[in-house]
Amino acid sequence: MEQFEIVWRADPETAGRTRTAQFMLANGIDSFDDLVTRSAADPEWFWPAVVEFLGLPFQPPWRTVRDTSRGHPWATWFVGAGFNLSAACVDRWAAEDPMRIAVRSQTEAGVTRSVTFGQLLELVERLAGALTGLGVSKGDAVAVYLPMSLQAVVSLLAVARVGAIFIPVFSGYAAEAVATRLQDPKPRLMICANGFMRRGRLVEMKETADDAIGRTDGIERVLVVDYTARDETPMTGGRDVWWDEVVPNADRASAVPTWSEDPVLIAYTSG
């Protein structure tokens, strides 16, 4: 392997504050090379130790760390365990420190917003309740066509909360590219913005979403985020609903389903 010049190396004090160094100290490992060697030689020790160190909430717990009965290329991990991304990323932190800042967002217009973990938990629970009310259930796909925003974060976590499959669609895609990403997963619902400002010009995301949906087999419901000020947003009666009219009044989905037993696709990478 070609050798590369090391242009920067953390000093011992900085390196000692890393999570990797803390993990090594907790497990009596003297060097990073020793950690790499042991993790490769004994994965049945390594991965449960990492889960415990990070405090990842598996419910129910796994029966077997690794199953290679079908051969190493088809190994399955944490057999029988259940895990929900929403509970892992929000619930435990909201319980521990609800006033801690969880998300900071800023629009192109300079509008900023910060939400705490306690506030984020309510937003996620409300959206999860709204999704359930709009017909989304465990195993359904949900397309999310939003700019980088607080709503995008809440959508990811709420989709996970109901046990659905998150389909991210890049906000800059045109209708044909969006339609391509809707064909295979066949989402039951799409969350999209009415538009956003890019370099001072309006990007009409809702029109693009409508065009893309028309090129596919169709989507049952569309949840529209009033993300940017514009004169008019096209809405299809019986299909489209406004986020601000549905989500704030939705029942909070406090219980979270977990994926377990069978391997499933939990995210579709749109490229």
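This is a predicted model: local features need pLDDT of at least 70, side-chain atom pairs count only at pLDDT 80 or more; totals for chains, interfaces and linings use all residues.
Helices H2 (residues 19–26) and H4 pack at an angle of about 115 degrees, their axes 11 Å apart. That angle makes H2 roughly perpendicular to H4, and the crossing of the two helices is right-handed.

**Where H2 meets H4**
- On the H2 side, the contact is made by Arg 19, Gln 22 and Phe 23.
- H4 brings Trp 45, Phe 46, Ala 49, Val 50, Phe 53 and Leu 54 to the contact.
- Sorted by class, the contact of H2 with H4 has seven nonpolar residues, one polar and one charged.

**A cis peptide bond**
- Most peptide bonds are trans.
- The bond from Gln 59 to Pro 60, however, is cis, with omega near 0 degrees.
- You will find Pro 60 in the loop that runs between helix H4 (43–54) and strand S1 (64–67).

**Positive phi values**
- Most residues other than glycine have a negative phi, so the next two residues are worth a look.
- Phe 78 has a positive phi, near 50 degrees, and sits in strand S2 (residues 76–79).
- Is Phe 78 buried or exposed? Phe 78 counts as buried because its relative accessibility is 17%, under the 20% cut-off.
- Lys 186 also has a positive phi, near 45 degrees, and lies in the loop between helix H8 (175–183) and strand S7 (189–193).
- With 49% relative accessibility, Lys 186 counts as partly exposed.

Conventions. Residues are numbered from 1 along each chain as its sequence is written. Side-chain values use heavy atoms; hydrogens and water are left out. Helices (H or I, at least four residues) and strands (E, at least two) are DSSP runs, numbered from the N terminus. Buried means under 20% relative accessible area, exposed over 50%, partly exposed in between (1.4 Å probe, protein chains only). Axes are lines fitted to C-alpha atoms, for helices over the stretch in contact, and angles run from 0 to 180 degrees between N-to-C directions. Angles under 35 degrees count as roughly parallel, over 145 as roughly antiparallel, 65 to 115 as roughly perpendicular and the rest as oblique. A crossing is left-handed if the near helix is turned anticlockwise from the far one by less than a right angle, and right-handed if clockwise. Contact means heavy atoms within 4.5 Å. Ala, Val, Leu, Ile, Met, Phe, Trp, Tyr, Cys and Pro count as nonpolar, Asp, Glu, Lys and Arg as charged, and the others, Gly among them, as polar.
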